[in-house]
Amino acid sequence: MNSSIEPGKPEGVGDRSRLFSTFNDRRYRRIVSAVVSGGAARVLSSLLTLISLPLAVRYLGAERYGVWATVVSVAVWVNLLDLGIAYSLTNVISQAYARQDRPAAGRGFTNALAVTLAAAALTGCVFFLLWQRVNWTAVFNASPALRSEVRVTVLVAAALMLGGLPLNLAGKVFAGYQELHIYNQTIALGAVCSLAGLAVGVWLRVPMPILFLLSYGSLTAVSGATMLWLVLWHKPWLRPRPQFFDRGTTVALLSTGWSFLLIHAAAIVVFSTDNIIVSHYLGAAQVTPYSITWRIVGLGAVLQALVFPALWPAYAEAQARGDVAWIRRTFSMVMRVTIALNLAWAAAIVVFGRLAIRLWAGPAGVPPRPLLLAMAVWSVIAGFATAQSCLLGALNRTRVQAIASTLAAMVNLALSIFLVTRMGSLGVILGTIISYIVVLLVPQSIVVVQALRDLTPNDLDAASGIAAEIQPMV
């Protein structure tokens with residue numbers, strides 16, 4: 001008689017319970033590991049920025065550094081060229097990992113890589129034709145004396161950004177296998193190499209395009225080395241092979257990717273237009289308190305930014321294993337902790353925000369009290385919505401969210417413009433709050449309830465489950 005089977009339970013139920021318990025522990029351990037390593041990498045990057053930023057500004061001067069910073073800020077838009085496939089790949093890898101289906105992981109990665117390479121190559125060809133015809137000095141409003149440097153810097157930056165697009169998939173693969181702690185180490189290494197490249201360029205007194213190549217090219221080089229190590233040694237079954245190219249897999253990636261693309265694009269529109277609206281309607285001076293307050297409020301989301309990239313693939317893997325109880329229990333816990341932390345942060349902002357900003361940025365950065373209060377309210381709403389988005393993304397329930405996010409971005413833009421002329425900068429953040437609550441948060445919350453209700457346990461093969469418990473999967 002098998003003593004591991006509990007009395008009154010069918011054979012295999014006790015084994016599956018033990019298995020789920022084992023993976024529960026493993027998921028939480030890997031989430032904690034990802035948060036700790038991600039936090040360390042972020043602290044290191046911030047410390048290195050304290051060195052690299054003044055080094056670059058003093059070497060390049062105000063005008064050339066302005067061009068440099070503007071070019072770098074475009075990177076967030078370049079990431080949209082992956083068509084949302086990077087997020088889809090995380091779910092594909094997570095599900096393949098749960099089922100120990102290495103061919104499925106290889107097919108997903110190969111087709112995702114092919115699509116992003118094609119997108120980068122096509123964009124590169126189109127950009128090169130435009131690059132030859134655009135007066136980049138006029139675009140950046142730079143001095144004619146910098147014409148050659150600006151032109152070549154733009155070309156170098158475009159090549160590095162487009163080259164990095166397929167390399168970014170490595171991070172999604174590590175996420176899918178719940179190995180973000182490894183990827184965070186490569187991020188830290190890239191930050192160190194970037195500073196070293198910048199220092200070497202300054203020491204050699206190279207022109208701006210070469211300095212950009214040495215600094216940001218180091219990041220691309222580390223990403224490339226990480227990708228090679230991943231597919232050649234760490235996960236060799238991911239190595240692209242002709243038999244992995246599959247039209248059905250590509251269509252599946254694109255069919256879910258469009259939702260992630262719309263969500264990402266909507267977020268960029270919402271978070272990048274506020275300063276433009278304030279500057280256009282109220283003047284550049286009013287951007288200072290608005291922007292600084294936004295950055296202070298955003299510090300409350302740092303923990304979420306570390307936890308959710310690790311939590312997403314854990315949700316997806318748990319769904320593939322049929323571990324519904326873990327998903328529901330973890331989501332409930334995450335929501336409670338998120339709301340509690342954001343409420344505490346919002347209270348701290350309301351009480352100490354103006355004093356902290358005055359000490360940090362000076363009197364010019366201190367916002368009116370109503371603006372500070374509205375920003376605090378927004379921090380709670382944003383945290384709530386982000387926690388929901390993490391779950392929906394992992395469960396591939398993003399269609400309603402994608403449509404609602406797009407509509408919310410449009411309503412937000414219209415409301416912000418309407419209210420800014422009547423209420424000043426307060427109207428801009430109120431436009432964001434109203435559009436998010438009415439257009440996004442309500443339908444998104446309904447979908448979350450439905451998604452949790454629709455979850456059903458999957459009966460994975462018991463033998464496969466026991467093998468997974470005995471031998472850790474890679």
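Reader: What is leucine 311 in contact with, leaving aside its neighbours within four places in sequence?

Author: This is a predicted model. In it, leucine 311 touches Ile31, Trp326, Thr330, Val334 and Cys390, with neighbours within four places in sequence left aside.

Reader: And the largest nonpolar core: how many residues, and which have the most contacts inside it?

Author: The core holds 33 residues. Leu311, Tyr315, Ile327 and Leu391 have the most contacts inside it.

Reader: Which helices each supply at least two residues of this core?

Author: H1 (13-73), H12 (302-321), H13 (324-361), H14 (369-394) and H16 (425-454).

Reader: Which one gives the most?

Author: H12, with 10 residues.

Reader: New topic. How do H10 and H15 pack?

Author: Helix H10 covers residues 247-282, and helix H15 covers 399-423. Their axes are 8 Å apart, at an angle of about 10°. Angles under 35 degrees count as roughly parallel, so H10 and H15 are roughly parallel to each other.

Reader: What's in that contact, by class?

Author: The contact of H10 with H15 has 14 nonpolar residues, nine polar and two charged.

Reader: Where does glutamine 401 lie?

Author: In helix H15.

Reader: Is glutamine 401 buried or exposed?

Author: Buried, because its relative accessibility is 4% and the cut-off is under 20%.

Reader: What does its side chain pair with?

Author: The side chain of glutamine 401 makes a polar contact of 3.4 Å with that of glutamine 444.

Reader: Which residues is glutamine 401 in contact with, beyond four places in sequence?

Author: Ile263, Ser389, Leu392, Leu440 and, again, Gln444.

Note on methods. Residues are numbered from 1 along each chain as its sequence is written. This is a predicted model: local features need pLDDT of at least 70, side-chain atom pairs count only at pLDDT 80 or more; totals for chains, interfaces and linings use all residues. Side-chain values use heavy atoms; hydrogens and water are left out. Axes are lines fitted to C-alpha atoms, for helices over the stretch in contact, and angles run from 0 to 180 degrees between N-to-C directions. Helices (H or I, at least four residues) and strands (E, at least two) are DSSP runs, numbered from the N terminus. Angles under 35 degrees count as roughly parallel, over 145 as roughly antiparallel, 65 to 115 as roughly perpendicular and the rest as oblique. Ala, Val, Leu, Ile, Met, Phe, Trp, Tyr, Cys and Pro count as nonpolar, Asp, Glu, Lys and Arg as charged, and the others, Gly among them, as polar. Buried means under 20% relative accessible area, exposed over 50%, partly exposed in between (1.4 Å probe, protein chains only). A polar contact is a pair of N or O atoms within 3.5 Å; within protein, one must be able to donate a hydrogen and the other to accept it, and residues adjacent in sequence count only if both atoms are side-chain atoms. Contact means heavy atoms within 4.5 Å. A nonpolar core is a set of buried Ala, Val, Leu, Ile, Met, Phe, Trp, Tyr and Cys residues joined through side-chain atoms within 4.5 Å.
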